[in-house]
Amino acid sequence: MHARIRDEAKANGRSINAEIVYRLQETLKMEDYFPDKDGQEDTAEDFGGLGVSEDEAKEMVLAIFKTLDRYKKKRERPSKD
């Protein structure tokens, strides 16, 4: 885990500590968007009027992260010039 954080910090121009703090802040932001609802049923109205349930919104966010990861890996590949 340390090596991955170190590599991500370097790629993002941050110290390891700054990378850890940044990632914790992002996690807390996500918790603000996806609060624990104590098993209550999801409805579109419950998720800020976006017209999607909390589960659907989580799936969309995960799809975005996967796309960003693929893009990042693509950028890191050496060019074939």
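Is R6 buried, partly exposed or exposed? R6 is partly exposed, with a relative accessible area of 40%; here buried means under 20% relative accessible area, exposed over 50%, and partly exposed in between, with a 1.4 Å probe and protein chains only.

## Basis of the model

This is a predicted model, in which local features need pLDDT of at least 70, side-chain atom pairs count only at pLDDT 80 or more, and totals for chains, interfaces and linings use all residues. Residues are numbered from 1 along each chain as its sequence is written, and side-chain values use heavy atoms, with hydrogens and water left out.

## Overall fold

The protein chain has 3 helices and 0 strands, and its elements run α-α-α from the N terminus on. Helices (H or I, at least four residues) and strands (E, at least two) are DSSP runs, numbered from the N terminus.

Of the 81 residues of the protein chain, 12% count as buried. The accessible surface comes to about 7200 Å², and carbon and sulfur atoms hold 54% of that surface; areas come from the Shrake-Rupley method with a 1.4 Å probe, and for residues only the protein chains shown count as cover. Among contacts (heavy atoms within 4.5 Å) between residues at least 6 apart in sequence, 13% join residues at least 24 apart.

## Salt bridges

The structure holds 4 salt bridges, each defined as a side-chain nitrogen of Lys or Arg within 4 Å of a carboxyl oxygen of Asp or Glu. Side chains of opposite charge can pair when their charged atoms come close. One of the bridges joins the side chains of D7 and R6, at 3.3 Å from N to O. D7 is partly exposed, at 43% relative accessibility.

In another bridge the side chains of R23 and E8 meet, at 3.2 Å from N to O. This pair links distant parts of the chain, with R23 in helix α2 and E8 in helix α1, 15 residues apart. R23 is partly exposed at a relative accessible area of 39%, whereas E8 is buried at 16%. R14 forms a salt bridge with E19, the closest N and O atoms being 2.8 Å apart. Salt bridges that share partners join E8, R14, E19 and R23 into one network.

## Surroundings of E8

E8 is found in helix α1, which covers residues 2-11. Leaving aside residues up to four places away in sequence, E8 touches E19, R23 and K72.

## The largest pocket

About 790 Å³ of space lies in the largest pocket. A pocket is an open set of points on a 1 Å grid over the protein atoms alone, where a 1.4 Å probe fits and protein lies on both sides within 12 Å along at least five of seven lines; lining residues have an atom within 4 Å of a point. Grid points are joined across faces, edges and corners, and the volume is the space filled by probe spheres set on the points.

The lining has 20 residues, of which E8, R23, F65, D69 and K72 lie nearest the centre of the pocket. Helices α1, α2 (16-33) and α3 (54-76) each supply at least two lining residues, and α3 gives the most, with 8 residues. By type, the lining divides into 6 nonpolar, 2 polar and 12 charged residues. Ala, Val, Leu, Ile, Met, Phe, Trp, Tyr, Cys and Pro count as nonpolar, Asp, Glu, Lys and Arg as charged, and the others, Gly among them, as polar.
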